[in-house]
Structure formats: C-alpha cells, structure tokens
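I opened this notebook to keep track of what I looked up, entry by entry.

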Amino acid sequence: MSDNRGSIYVRETLLHRSKVLTSLRKFLDEMSFIELTTPVVRGDDDGFRPRPEVELHGTHYLREAIGPALRLNLQHFPRVYEVGPCFRSDAASETHSPEFSMLDFYAAGEDLDFLMETAETAIAQTYDGRIERVSISDEIQTNFGVSPFVDTEEAVRMAMVKALR
C-alpha cells in the first residue's frame, strides 16, 4: 500500500495557493487595479548579478522582477498589478527555488502610506499572523552591522553579500 501523505500535501498546498491568489486578485480588482501580463523574457541585463539566460535570437534573460515592465503601463492605467513567474540563477535547495511567483502593484499619484496600507490589507486577508512594519534601514543596521545612510554603497553591499553566504 502506497503512502499518499505526499500527494495530499501537494494537493492541499496547490489548493491553498489558488485560494490566496484568488483572494489577492479579488481585493486588488475591487480597488480598481487592472491586472496585466508583462514579458517574462527580457532583452536587457542590468549587470548586477548573473541572470538566467534564454537561448533566443541574441542574448535574452528571464526576468528577476516584474516591476520594470509593469511600471511602463502606468501611463495607460493609474493602478496596475501582476502576479507572475520570476527567476533567479541561484541553485535550488529545500528552502529556495530559483523559480517563484511574485505579486507587484503600482498606483500612480499615491504615496508610500497608501501602498503600504494596500499591501498590509491584502496580506491580512490571506495571513492569520501579526503584520509589523519595520524600517529597512534599521533592519540592515541590526542584521548586517552597516547603515545604508552612513556607510558607502559598496560597504553595505559587501556586508550583505558576506552575511548571505
């Protein structure tokens, strides 16, 4: 007799993911956001880190983030979002996948507080835990021992790379 626990776990995970995505889409749609789809294959490289290459006509890369292409659509729609695949060239492990889904949204003319409140409300609809705002600067100082506002960009980058190894 085979053990079905693995397939039950996969089934439950996929059902949960589907419900979360449906909830997020419904929430953003009700806030007058328009869902768009932007290219997964990009023709440019920012040169910051190795990126997953795709063999096409010339050098192309799989996107690491949705944002750059999605922001271009703000000229057509004041509120946009996308849920889609992104890729990293990092090796896969039990806790890390080089392929993942990302939600990205933009609202023209809105401030950071609006965006933070929108994100917190969206997360609260699908997550039972406590949501706490933290200062990224303070977190970098606490966890990496450098200050992004005092230390040079290179010092901050080197401290973070060293800590992530």
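Entry one. I keep in mind that the model is predicted. I then looked up the contact between them, and Arg-130 turns out to form a salt bridge with Glu-132, with 3.2 Å between the closest N and O atoms.

Entry two. I asked myself how many salt bridges the structure holds.

I turned to Arg-79, which forms a salt bridge with Glu-110, and I noted 3.1 Å for the closest N and O atoms. When I looked up where the partners sit, I found Arg-79 in strand β5 (residues 79-87) and Glu-110 in the loop between β6 (99-107) and α3 (112-124), so that this pair links distant parts of the chain, 31 residues apart. Is Arg-79 buried or exposed? Its relative accessibility is 19%, and because the cut-off for buried is under 20%, Arg-79 counts as buried. For Glu-110 I wrote down 34% relative accessibility, which means that this residue counts as partly exposed.

Next I looked up Arg-133, which forms a salt bridge with Asp-113, the closest N and O atoms being 3.7 Å apart. Arg-133 lies in the loop between α3 and α4 (136-144), whereas Asp-113 belongs to helix α3, so the pair ties together parts that are 20 residues apart in sequence. I also checked how accessible the two partners are: Arg-133 is partly exposed, with a relative accessible area of 40%, and Asp-113 counts as partly exposed at 42% relative accessibility. I then found that Asp-113 and Arg-133 are linked with Glu-120 in a network of salt bridges.

I moved on to the aromatic rings, and a search of the whole structure gave me 1 aromatic pair. The rings belong to Phe-33 and Phe-105, with their centres 5.7 Å apart and their planes at 90 degrees, so I recorded the pair as edge-to-face. Phe-33 lies in the loop between α1 (5-30) and β1 (34-35), and Phe-105 lies in strand β6, so the pair ties together parts that are 72 residues apart in sequence. Last, I looked up the accessibility of these two residues, and I noted that both Phe-33 and Phe-105 are buried.

Note on methods: Residues are numbered from 1 along each chain as its sequence is written. This is a predicted model: local features need pLDDT of at least 70, side-chain atom pairs count only at pLDDT 80 or more; totals for chains, interfaces and linings use all residues. Side-chain values use heavy atoms; hydrogens and water are left out. A salt bridge is a side-chain nitrogen of Lys or Arg within 4 Å of a carboxyl oxygen of Asp or Glu. Helices (H or I, at least four residues) and strands (E, at least two) are DSSP runs, numbered from the N terminus. Buried means under 20% relative accessible area, exposed over 50%, partly exposed in between (1.4 Å probe, protein chains only). Rings of Phe, Tyr and Trp (its six-membered ring) pair if their centres lie within 6.5 Å; planes under 30 degrees apart count as stacked, over 60 as edge-to-face and the rest as tilted.
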